[in-house]
Amino acid sequence: MEENEPISVSSNILELIISNDWALSLTIKPIPLIVLAIILALIFIVARIVLWKRLSLFEIDSAEFGIGDQKISFRPNTTDRQIAYSIWVELSTRKVGLPIDPEHDVIEEIYNSWYTFFGVTREMIKDIPISKVRGDSTSQIISLSVEVLNEGLRPHLTKWQARFRHWYEKQMEDKSDADPQSVQKNFPAYDELVADMLTVNQRLIKYREKMNELARS
């Protein structure tokens, strides 16, 4: 190498030249730059595909909850997942979305739990900002939750709760030291009440599972 010859470092993409006075010159070669742009474009496309899959349609079959036969499809957002998570917590911490055991559970306590869940969920839905409700997916989740309350839970409570509580309270007054599980079996329509309660319970369990799936989607 001659004394005045500049130092050159070259690759397929870049060329770096250091002159005798230590001045630096960096050159990006045009053809490899096009290749680099293509690579970046491919990375972008793959990322979009992955993101699209993550935001894929979430489907809910309302027939599972006994409130119709329509299927709801939407792409959940953060608000939707927060609503689903809150509902899932309520269903998972009360005797609502958990399996009922007729032999050991006390029907009065189940009704207390159902009634509380009804009120808490209603208030939770009311507290959702109106700006969020305008979203199509959020609106569908709210509508679904209201239908679960009004069409899945309310009919049983309307038919059985008052009748059973009235009878049960009188029975417990006369048998204050009696076993509640044994007393409730003497309810005149016990088998019918329990059968209906278990049907509602299975629907609420499926609703809880779907809310959990939505919250973690």
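Start by selecting Ser-62: setting aside neighbours within four places in sequence, Ser-62 is in contact with Ile-67, Gly-68, Asp-69, Gln-70 and Leu-144. Everything on this tour belongs to a predicted model. Ser-62 sits in the loop that runs between strand S4 (58-61) and strand S5 (71-74). Is Ser-62 buried or exposed? Ser-62 is buried, because its relative accessible area is 0% and the cut-off for buried is under 20%.

**Next, Ile-125**

Select Ile-125, which lies in helix H3. With a relative accessible area of 14%, Ile-125 is buried. Beyond the neighbours within four places in sequence, the contacts of Ile-125 are Ile-142, Ser-145 and Val-146. Ile-125 and Ile-141 are 16 residues apart along the chain, and their C-alpha atoms are separated by 9.8 Å.

**The aromatic rings**

Stay with helix H3 and show the side chains of Tyr-111 and Phe-164. The structure holds 10 aromatic pairs. Tyr-111 and Phe-164 form one of them, an edge-to-face pair with 6.2 Å centre to centre and 70 degrees between the planes. Tyr-111 belongs to helix H3 and Phe-164 to helix H5 (residues 136-174), so this pair ties together parts that lie 53 residues apart in sequence. Tyr-111 is buried, at a relative accessible area of 0%. Phe-164 has 1% relative accessibility and also counts as buried.

From Phe-164, go on to Tyr-168. The ring centres of Phe-164 and Tyr-168 are 5.3 Å apart and the planes meet at 20 degrees, so this pair is stacked. The two residues are four apart in helix H5, which means a separation of about one helical turn. Phe-164 and Tyr-168 are both buried.

Which residues do ring pairs link into a cluster? To see the cluster, select Tyr-111, Trp-114, Trp-160, Phe-164, Trp-167, Tyr-168 and Phe-187.

**A charge over a ring**

Select Trp-88 and Arg-216 next. Arg-216 lies over the face of Trp-88, at 5.4 Å from the ring centre.

Select Pro-99, in the loop between helix H2 (78-93) and H3. Pro-99 counts as exposed, because its relative accessibility is 52% and the cut-off for exposed is over 50%. Leaving out neighbours within four places in sequence, Pro-99 is in contact with Asp-105, Asn-201 and Ile-205.

**Last stop, the cavity**

A search of the whole structure finds one cavity of 30 Å³ or more. How much space lies in the largest cavity? The figure is about 50 Å³. To display the lining, select Ile-100, Pro-102, Asp-105, Ile-107, Ile-110, Gln-184, Tyr-190, Val-194, Met-197 and Leu-198. Asp-105, part of this lining, is also one of the contacts of Pro-99.

Then colour by helix. Helix H3 (107-126) and helix H7 (190-215) each supply at least two lining residues. Which helix gives the most to the lining? H7 does, with four residues.

Note on methods. Residues are numbered from 1 along each chain as its sequence is written. This is a predicted model: local features need pLDDT of at least 70, side-chain atom pairs count only at pLDDT 80 or more; totals for chains, interfaces and linings use all residues. Side-chain values use heavy atoms; hydrogens and water are left out. On a 1 Å grid over the protein atoms alone, a cavity is a set of points where a 1.4 Å probe fits but cannot get out, and a pocket is an open set with protein on both sides within 12 Å along at least five of seven lines; lining residues have an atom within 4 Å of a point. Grid points are joined across faces, edges and corners, and a volume is the space filled by probe spheres set on the points. Rings of Phe, Tyr and Trp (its six-membered ring) pair if their centres lie within 6.5 Å; planes under 30 degrees apart count as stacked, over 60 as edge-to-face and the rest as tilted. Buried means under 20% relative accessible area, exposed over 50%, partly exposed in between (1.4 Å probe, protein chains only). A charge sits over a ring if NZ of Lys or CZ of Arg is within 6 Å of the ring centre and within 35 degrees of the ring normal. Contact means heavy atoms within 4.5 Å.
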